[in-house]
Number of protein chains: 2
Amino acid sequence: MKNPKSENISWHHGDVTRADRERVHNHRGATIWMTGLSGSGKSTLARALESALFERGCSVYVLDGDNIRHGLNRDLGFSPEDRKENIRRIGEVAKLFTDAGMFAVTAFISPYREDRDMVRALMGKQDFLEVYVECALDVCEARDPKGLYKKARAGQIPEFTGISAPYEAPAAPELTLRTDQLTVDQCIERLLAHLSAHGYLAPEPEAAGV
Amino acid sequence: MKNPKSENISWHHGDVTRADRERVHNHRGATIWMTGLSGSGKSTLARALESALFERGCSVYVLDGDNIRHGLNRDLGFSPEDRKENIRRIGEVAKLFTDAGMFAVTAFISPYREDRDMVRALMGKQDFLEVYVECALDVCEARDPKGLYKKARAGQIPEFTGISAPYEAPAAPELTLRTDQLTVDQCIERLLAHLSAHGYLAPEPEAAGV
């Protein structure tokens, strides 16, 4: 064994590549970016997709308000700069999970086209799937799972997307899911079908026909 | 099927838990935080550990300057506040990978005890393994893989750790690896042995005795 002091410490077993990871995972890595109004069902779909992919043996992780706002982005407020930085950081983290050969599923309103396009530009061409979780405002407002619309209507939340701040719908999303017309199961079927049809998921023999 | 419009969109398959992921991965999630001088071998060990764990079927990802400084943290400079924020964000991202039931291996000088302790405090008690990659300064300087010591000695890099800025060695690291006394293989054996002995890795029947 050589004298470790004189050994140039640049030895590598050979780095683990993304392709290595994807081969083991038996699927491609990608970021599935859900965008839509508050109450449109982004988090519900993200969690349901995570379960469906996990049950198929995929490597998948959800980024949402629960694990980002009180962690990585807890220093950010709601100024225009901070909103943009919020989305940028989420994009960068999603990129890391994607590089790890995983599905990163994000569930943030992300109302501005410019911000979503910035994230798209960060990533490889096939690594970013924008999913428009579309739902009529009145349906979202009727659902109002966190009581936010009520507060926004009462003027207690300034610049609330859809009420007092704009939502810019995607111009060319990879997929649109109308959660005011489809059930969660139907949405998940469409997501899985899209991932299979575009080569992200390997075909599964026992998969139910969609 | 119920009218989707009236359906309360809060249906879940049942969220995927960290325990579910760890069961599938057959190991615990944890952050393995390498700290040490420039040239001490952090990145080399991180990549070698990644390879060794990947070959054992583990789910593992390295965070280092290559994927962080030009991505998530590209807005940060080298002021005291930015250095702290750099480490905080890396800690938060490592926490996400750990929550995904993975080994996050980080390779940053992270010279300040306070910053490393902040990251430790972010995480569950058993989720953070501080690994002191110890190496005599003169050995690091002789290696000087990026020519940084030469520049620092020439006064071209202000506040260079070990030369013109302090390195605060860990007071009670989970593991210390003296890279000026051990080979890379020996270091990796010790890391794997530590992970096995402390229940992070399941015992592997075909593992070489260490």
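This is a predicted model: local features need pLDDT of at least 70, side-chain atom pairs count only at pLDDT 80 or more; totals for chains, interfaces and linings use all residues.
In strand E5 of chain B, Arg178(B) is the bridge partner of Glu134(B).

**Strand E4 of chain B**

The two strands involved, E4(B) and E5 (residues 175-178) of chain B, run parallel and are joined by 4 bridges. E4(B) is also joined by 5 bridges to strand E1 (residues 30-35) of chain B, again in parallel. Within that pairing, Thr35(B) stands opposite Tyr132(B). Strands of a sheet pair through backbone hydrogen bonds, and the pairing may be parallel or antiparallel.

| Strand pair | Sense | Bridges |
|---|---|---|
| E1(B) and E4(B) | parallel | 5 bridges |
| E4(B) and E5(B) | parallel | 4 bridges |
| E1(A) and E4(A) | parallel | 5 bridges |

**The fold of chain A**

Chain A contains 8 helices and 5 strands. Read from the N terminus, its elements follow the order α-β-α-β-α-α-β-α-β-α-α-β-α. The C-alpha trace of the chain spans about 75 × 45 × 25 Å along its principal axes. Of the 210 residues in chain A, 42% are buried. When contacts between residues at least 6 apart in sequence are considered, 73% of them join residues at least 24 apart.

**The sheet of chain A**

In what order do the strands of the open sheet in chain A lie? The 5 strands are arranged as E2-E3-E1-E4-E5, with parallel pairing. Strand E2 (60-64) and strand E5 (175-178) of chain A each have a single partner strand, so one side of each is left without a neighbour in the sheet. On average, neighbouring strands of this sheet are turned by 20 degrees against each other, direction ignored.

Strand E1 (residues 30-35) and strand E4 (residues 128-134) of chain A pair in the parallel sense over 5 bridges. Here Tyr132(A) in E4(A) is the bridge partner of Thr35(A). Helix H5 (residues 113-122) of chain A packs on the sheet and touches both E1 and E4 of that chain. The direction of helix H5 makes about 155 degrees with that of E4(A).

Methods
Residues are numbered from 1 along each chain as its sequence is written. Chains are lettered from A and ligands numbered from 1 in the order in which they are written. A residue is buried if 20 or more other C-beta atoms lie within 10 Å of its own, exposed if 12 or fewer, and partly exposed in between; C-beta atoms are placed from the backbone. Two residues are in contact if their C-beta atoms, placed from the backbone, lie within 7 Å. Two strands pair if DSSP finds at least two bridges between them. Axes are lines fitted to C-alpha atoms, for helices over the stretch in contact, and angles run from 0 to 180 degrees between N-to-C directions.
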